[in-house]
Amino acid sequence: MVDFVQNCFDGVMLGSSYALLAIGFTLIFGVMRRLNLSYGPSIMLGAFVGTLVFLEFRAGGLAVAAATVLGAVLVGIYVERLCFWAIRQGAAVASMVSSFAIWMQLEEIVTIAFPDRTYPFPPLTRAQPMDFGPFFFKVENLVMFGCAVALTLGLHLLLYRTRFGLRLRAVAESPDAARYMGINIAAVTFLAFACASAIGGVAGYLIVAQDGQITPLFGLWATFKGLIAMMLGGMGSIPGAILGGLLLGIVEAQSIWYLGTEFRDLCAYALLFLFLVFRPGGLFGHALAERERLALRRV
Amino acid sequence: MDDHLVGVLSNIGMISFIALSAYLLLIVGEISFGQQAFFAISAYASGIATAMWGWDFWPGLAWGTAVAAAAAVLVGIPTLRIRGLYFSIATLAFAEMVRLVFEVFKYQVEIDGEMVGPDGSDGFRDIRYIFENDITAVEYMLMIYGLLAAVLCAFFLLERSRLGSIFRMIGQDPVLAEMQGIDVTAYKILALGLAGLVAGIGGGLYAHLTTFVEPKIFNVMLGVHSLAYGLIGGLGTAFGPLIGVAIDIGFLESIRAISGYRMIAFGGLVAVLLIFRPRGLLDEAAVNWIRLRLRRRHA
């Protein structure tokens, strides 16, 4: 029982990094109704910019974090222009495939520019794990969990308390109606994309700093974990992204403990598959309602 | 012929099968990131049949293909009720599950004092049928192209048949097709089964050519490539995916000077093509134009 509870705590800590990744993912999907599969690789590229700053200038944590976020945002803008802005409205699938193609491109650029497999990354803290009775926690994980909560609150304020948030929600609700109201859709989606990339940059920095190293494989990992967490929670839902991330983390932590490490990803994909088949809308989504709305629009 | 050329041509032939399999699903309007799963299932099943059960090559290939097609139908039944992005992600999850199952799949028998069979992440060695039976590389290449020609003939017959028109109709507008009394889900399951069959032929051929398969070859990049081939070459004709394969493997991978930058060029090419020609070089309009020109010349 103690094991099970400790696994749940570990899962929540692991899951908060997935939740962070899923928030950026779901923001893009919520506004554009399109999937950006290059999300992870653009964060990975940002983290390599961070590592470059770290290695070249021996920069401290804050400068590395800033470089990571900046890199992720710049690459995110490149992806947005090429895969989303340039492809006409409605061609959601074309955008998805295009972002996958750009993913391969980004990964290749990194493997050519950084020929060694792994690079060091400055760790977040050197503090010891903390004990609470029979349970223990890592400090980095607590920081990550706190950041996930803070980012969610910040995003909530941005979406529901500012004019930009209002515009963003209008575009998400109905692009056509938003256009009639004089909202510049391209500008709003561009800014939303930049926001999501910045959130991704923060998430990437925290995760990579916790690992203490970065490899080009991080892009694939980040896209898949973020994607699974988002789909579990329901695409486009921010509370869903948090809960989905935590659920994924707990399932992974339990499967590592009870089945072994090699079953970790298998269980994650099996969970995703089952959700897609039985509850495609996720915990908070409305897949069926959306399909009906689209069918009605056609009539 | 020199060995390098035979190798490249054999590769183009085998990858063409999986590209055609993704193309068939594109015609019915679904994007699958998971065709590599059926390729992998057949590679393992036919390898087990010839190397461990002592079957001949052709029954072994037929068995692998049949297993792949059956797996495709079984996956199609739950997943094809969900559509669009959700289906794409479900195929992705399924394919990764298959790969991860092969990572832990162990099944070995002793043959001539040696252990033969799939050994988890170490892969499946010694599928030696074509070497033990003195089939030369050129002969095997001719076998590949013979089968490819047969599959292409089947595709052209399909395009002229009622089934082909139903597939195209579902791809253009599933709601309209449903109103015409077509059972869209059943036809999509049929399409996925056929696609699994085509990918299965390629997988069986692949296992016997390389004599060694390991789970990590069948990662998601293989699936995305096979999808991209159809989107580059064009969705108007079955020649489209073959053109895509020829551009990627025949041109980018085989010319050594640019092969290091292959992904950068290929990824960029796909992204740019999706902007200007969202249905590929030889799309339906282009094919109709060519057909008209040919007809006029004959008249």
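Predicted model: local features only at pLDDT ≥ 70, side-chain atom pairs only at ≥ 80, totals over all residues.
Residues are numbered from 1 along each chain as its sequence is written, and chains are lettered from A, with ligands numbered from 1, in the order in which they are written. Local features need pLDDT of at least 70 and side-chain atom pairs count only at pLDDT 80 or more, while totals for chains, interfaces and linings use all residues.

In the interface, 34 residues of chain A are in contact with 32 residues of chain B, two residues being in contact if their C-beta atoms, placed from the backbone, lie within 7 Å. On the chain A side, helices H3 (61-85), H4 (92-113), H11 (264-278) and H12 (287-298) each supply at least two residues; helices are DSSP runs of H or I with at least four residues, numbered from the N terminus. The most comes from H4(A), with 14 residues. By class, this side has 27 nonpolar, 2 polar and 5 charged residues, where Ala, Val, Leu, Ile, Met, Phe, Trp, Tyr, Cys and Pro count as nonpolar, Asp, Glu, Lys and Arg as charged, and the others, Gly among them, as polar.

Within chain B, helix H1 (residues 3-27) packs against helix H6 (residues 137-160) at an angle of about 30°, with axes 10 Å apart. Axes are lines fitted to C-alpha atoms over the stretch in contact, and angles run from 0 to 180 degrees between N-to-C directions. H1(B) and H6(B) are therefore roughly parallel, the term for angles under 35 degrees. Residues making the contact include Leu9(B), Gly13(B) and Phe17(B) of H1(B) and Met141(B), Ile144(B) and Leu148(B) of H6(B). In total, this contact has 14 nonpolar, 3 polar and 1 charged residues.

H1(B) also holds Ala22(B), which is buried, with 29 other C-beta atoms within 10 Å; buried residues have 20 or more such neighbours, with C-beta atoms placed from the backbone. Beyond four places in sequence, Ala22(B) touches Ser32(B), Gln35(B), Ser226(B), Leu227(B) and Gly230(B). The C-alpha atoms of Ala22(B) and Val198(B) are separated by 9.3 Å, although these residues lie 176 residues apart along the chain.

Another pair in chain B, helix H3 (residues 57-79) and helix H9 (residues 184-210), packs at about 145°, with axes 7 Å apart. Their contact has 14 nonpolar, 9 polar and 1 charged residues.

Back in chain A, 15 of the 21 residues of H10(A) are buried. Gly260(A), with a positive phi near 120°, follows H10(A).

Methods:
Parallel < 35°, antiparallel > 145°, perpendicular 65-115°, else oblique. Buried ≥ 20, exposed ≤ 12 C-beta atoms within 10 Å, placed from the backbone.
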